[in-house]
Amino acid sequence: MSGTHRAADQPQSAGADHPVPEVPAAYGAVEHAEPIGPVDWDPAEEAPRPVSQRSPLGSQADGMAAIRAVWERAAETDRRRPARPGRPQRRREPKRLGPALLGVLVCACLLMFFAWAAAPALWMSIGHADQGTVTVTSCQDGFAPSCNGRFAADGWSKDLALTGEVSAADVGTDLPARSTGPDAHSAYVGGTGGLLLRWAPALVLFMVVAMAMVPVSGATRLYEGRSGAIGLCWVFAGAVLAAALAFAW
């Protein structure tokens, strides 16, 4: 029996587009195979479909366009937003030399005054004082009353200005007093609580003036060396206080 036989004697279906294919007979298969029915074949279905090259998140051009739109919208909103109260509208220029120098001089005088007023009472409050007796010799009444007397301590005596609890009614009397030493210019009459009231407010005002000197000098308006200028102001204030304490010793 030959390898292939054409099934010529089998009838074909009406309207078939293709002939019935031959069926090979091998390994004891039936010699004559049944005909296969008509097959509807569409070439368009077997054609490869084009694959889209676009990313699921959109193309790069679309992403850049979206970012640009958001940026322009934010800029437009910022232009329409009203300026905040107190917000600087322009760059502040450095302070002029004349006003800055005048402000520094005024602050320096105030610093020296408050430091000189606080230094003697501060020394006596922490225990650096000579105990003695003062004889009140004179007193002057007025806006700023003042009294003078002869202060005597162990080994020395001196005419000093009197501060504290003393008045014109005490003229000619001896009162207990204290002073920082033979080089002092004043003696204090009264208790320790009065000493605190003499140096604490003066020291607070000293610190206030020291803080005010920083903007008055124009140090906060500098764009280069601002930290150094601010530090220099504080060093100057500390030097004034240290000098007052040294003279009051």
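This is a predicted model: local features need pLDDT of at least 70, side-chain atom pairs count only at pLDDT 80 or more; totals for chains, interfaces and linings use all residues.
Which handedness does the link of C139 and C147 have about the S-S bond? The link is right-handed, with 115° about that bond. Residues are numbered from 1 along each chain as its sequence is written, and side-chain values use heavy atoms, with hydrogens and water left out.

Back to the cysteines. A disulfide here is a pair of cysteine sulfur atoms within 2.5 Å, and searching the whole structure turns up 1. The sulfur atoms of C139 and C147 sit 2.0 Å apart. Both ends are tucked away, taking buried as under 20% relative accessible area, exposed as over 50% and partly exposed as in between (1.4 Å probe, protein chains only): C139 is buried at 18%, and C147 is buried at 6%. C109, on the other hand, is in no disulfide, and the nearest cysteine sulfur, that of C107, is 9.4 Å away. C109 counts as partly exposed, with 49% relative accessibility. C233 is also in no disulfide; for this residue the nearest cysteine sulfur is again that of C107, 8.8 Å away. C233 is buried, at 11% relative accessibility.

Next come the rings. Rings of Phe, Tyr and Trp (its six-membered ring) are paired if their centres lie within 6.5 Å; planes under 30 degrees apart are called stacked, over 60 edge-to-face, and the rest tilted. The structure has 3 aromatic pairs. One of them joins W123 and W249 edge-to-face, with 4.8 Å from centre to centre and 85° between the planes. W123 belongs to helix α3 (residues 97–125) and W249 to the segment after α5 (226–248), so this pair ties together parts that are 126 residues apart in sequence. Helices are DSSP runs (H or I, at least four residues), numbered from the N terminus. W123 is buried at 17% relative accessibility, whereas W249 is exposed at 54%. Another pair, F151 with W156, is tilted: the centres are 5.2 Å apart and the planes make 45°. F151 and W156 are both buried.

That leaves the charged side chains. Side chains of opposite charge can pair when their charged atoms come close. With a salt bridge taken as a side-chain nitrogen of Lys or Arg within 4 Å of a carboxyl oxygen of Asp or Glu, the count is 1. The partners are D159 and R150, at 3.2 Å from N to O. D159 is exposed, at 54% relative accessible area, and R150 is partly exposed, at 36%.

Notes:
Helices (H or I, at least four residues) and strands (E, at least two) are DSSP runs, numbered from the N terminus.
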